[in-house]
Amino acid sequence: MRMRFLMLVGMAAGLGACASLGMGKFQEPDVRLQGVQVRSIGLVGGTVDLYLDVNNPNEFDLRGTRMQLGLDVENTHFGDVDFNDAFNLPKGQTVTVVVPLSFVWAGVGEAARSALNYGTVKYTLKGTASMQTPFGTQAVPFTRSGSVAVNGNRPAAPGN
């Protein structure tokens with residue numbers, strides 16, 4: 001009976017500590033494509049940088065450890081990325097993560113080719129981000145569609 005009581009007290013103390021630190025339920029971060037910058041273009045293909053805004057709605061910091069994603073441009077599959085660079089997401093903040101994506105011309109449609117001449121493209125971004133949380137590692141799936149500017153300069157930071 002005494003052991004049971006001590007276990008209950010320990011569990012209550014643990015829950016109280018989490019509550020006092022603001023560690024409620026895990027909320028999935030929001031991933032949005034902010035812009036695309038052409039890094040290099042050659043005869044076979046090239047590389048673009050995807051500027052992803054990742055918002056952490058939680059009351060605790062997160063650490064991104066991996067991001068796997070695919071990008072479709074103008075209804076044509078443009079490329080896939082397995083990004084393994086870690087990034088920090090402070091609580092309640094949005095961080096821009098730059099993810100390089102390499103592509104080859106052979107699989108890219110004509111509309112996507114012309115859009116890389118610094119225009120606006122329609123896109124679909126789909127993937128999964130792995131996040132380290134106080135509760136363990138969480139896989140966060142995301143899908144976004146819309147239009148985004150493609151340019152030779154880095155997109156303006158949010159708020160600018």
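Let me start with strands S1 and S8. In this predicted model, strand S1, residues 30–41, and strand S8, residues 136–151, pair in the parallel sense over 2 bridges. Within that pairing, Val 36 has Val 150 in S8 as its bridge partner.

Strand S8 also pairs with strand S7, residues 120–133; here the strands run antiparallel and 14 bridges join them. S7 and S8 form a hairpin, with 2 residues between them.

Arg 144 brings us to the salt bridges. How many are there? The count comes to 4. Arg 144 forms one with Asp 30, and the closest N and O atoms are 2.1 Å apart. Because Arg 144 lies in strand S8 and Asp 30 in strand S1, this pair ties together parts that are 114 residues apart in sequence. Asp 30, Arg 32 and Arg 144 are linked in a network of salt bridges.

A further salt bridge joins Arg 39 to Asp 49, with 2.7 Å between the closest N and O atoms. Arg 39 belongs to strand S1 and Asp 49 to strand S2, so the pair connects parts 10 residues apart in sequence. Is Asp 49 buried or exposed? With a relative accessible area of 8%, Asp 49 is buried.

Finally, I turn to the nonpolar core. The largest one has 35 residues, and Met 67 is among those with the most contacts inside it. Strands S1 through S8 each supply at least two residues of this core. Met 67 touches, among others, Leu 52, Val 81, Phe 87 and Phe 142. In soluble globular proteins, nonpolar side chains tend to be buried together.

Definitions and conventions. Residues are numbered from 1 along each chain as its sequence is written. This is a predicted model: local features need pLDDT of at least 70, side-chain atom pairs count only at pLDDT 80 or more; totals for chains, interfaces and linings use all residues. Side-chain values use heavy atoms; hydrogens and water are left out. Two strands pair if DSSP finds at least two bridges between them. Helices (H or I, at least four residues) and strands (E, at least two) are DSSP runs, numbered from the N terminus. A nonpolar core is a set of buried Ala, Val, Leu, Ile, Met, Phe, Trp, Tyr and Cys residues joined through side-chain atoms within 4.5 Å. Buried means under 20% relative accessible area, exposed over 50%, partly exposed in between (1.4 Å probe, protein chains only). Contact means heavy atoms within 4.5 Å. A salt bridge is a side-chain nitrogen of Lys or Arg within 4 Å of a carboxyl oxygen of Asp or Glu. Lists of a residue's contacts leave out its neighbours within four places in sequence.
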